[in-house]
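Morning, everyone. Today I want to talk about a pocket and a group of rings. Please look at the screen.

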Amino acid sequence: SAAGVATQDIVKSICMLDANDDLIVAIVRGDDRASTSCVAKGLGTERPRTAEAAAILDKTGYPCGGTPAFGYFARFLVDPRVVERKEVYAGGGSDKSLVRISPQELQKANQAEVVRVRK
């Protein structure tokens, strides 16, 4: 990657909206893809939809592509493969910044549930 970091050490915050338009953020490793059906299964709810860029900006205050993995109101879900890492790099609020954090600190910061959300 451009940051000189292994893809599996970067985490992506994939924003989704549930039936009530509430934000769900699925956090997966850079080399994984988030799945709306896995999120639905993990939460025992109907399948959320992927949020559009305008909704992401509206709900988080951050642009799509730079959305941090904490710091705004949402239901955060962390994939178990993220928790296996010693530290990860998450979006830092813009498409040019990253935050280095341990998965445990990340979970504490966003009160995330560990749920399989990857395809």
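Start with the largest pocket: 20 residues line it, and Lys12, Ser13, Gly65, Gly66 and Thr67 lie nearest its centre. A pocket here is an open set of points on a 1 Å grid over the protein atoms alone, where a 1.4 Å probe fits, with protein on both sides within 12 Å along at least five of seven lines; lining residues have an atom within 4 Å of a point.

One caution: this is a predicted model, where local features need pLDDT of at least 70 and side-chain atom pairs 80 or more, while totals for chains, interfaces and linings use all residues. Residues are numbered from 1 along each chain as its sequence is written, and side-chain values use heavy atoms, without hydrogens and water.

Which strand gives the most to the lining? That is β1, with 5 residues. Strands are DSSP runs of E, at least two residues, and helices are runs of H or I, at least four, numbered from the N terminus.

Now the rings. Rings of Phe, Tyr and Trp (its six-membered ring) pair if their centres lie within 6.5 Å; planes under 30 degrees apart are stacked, over 60 edge-to-face, the rest tilted. The count comes to 2 aromatic pairs. Tyr62 and Tyr72 make a tilted one, 6.3 Å centre to centre, with 55° between the planes. Both residues lie in the loop between α2 (53–60) and β4 (75–78), so the pair ties together parts 10 residues apart in sequence. Tyr72 and Phe76 are tilted too, with centres 5.4 Å apart and planes at 55°. Tyr62, Tyr72 and Phe76 form one aromatic cluster.
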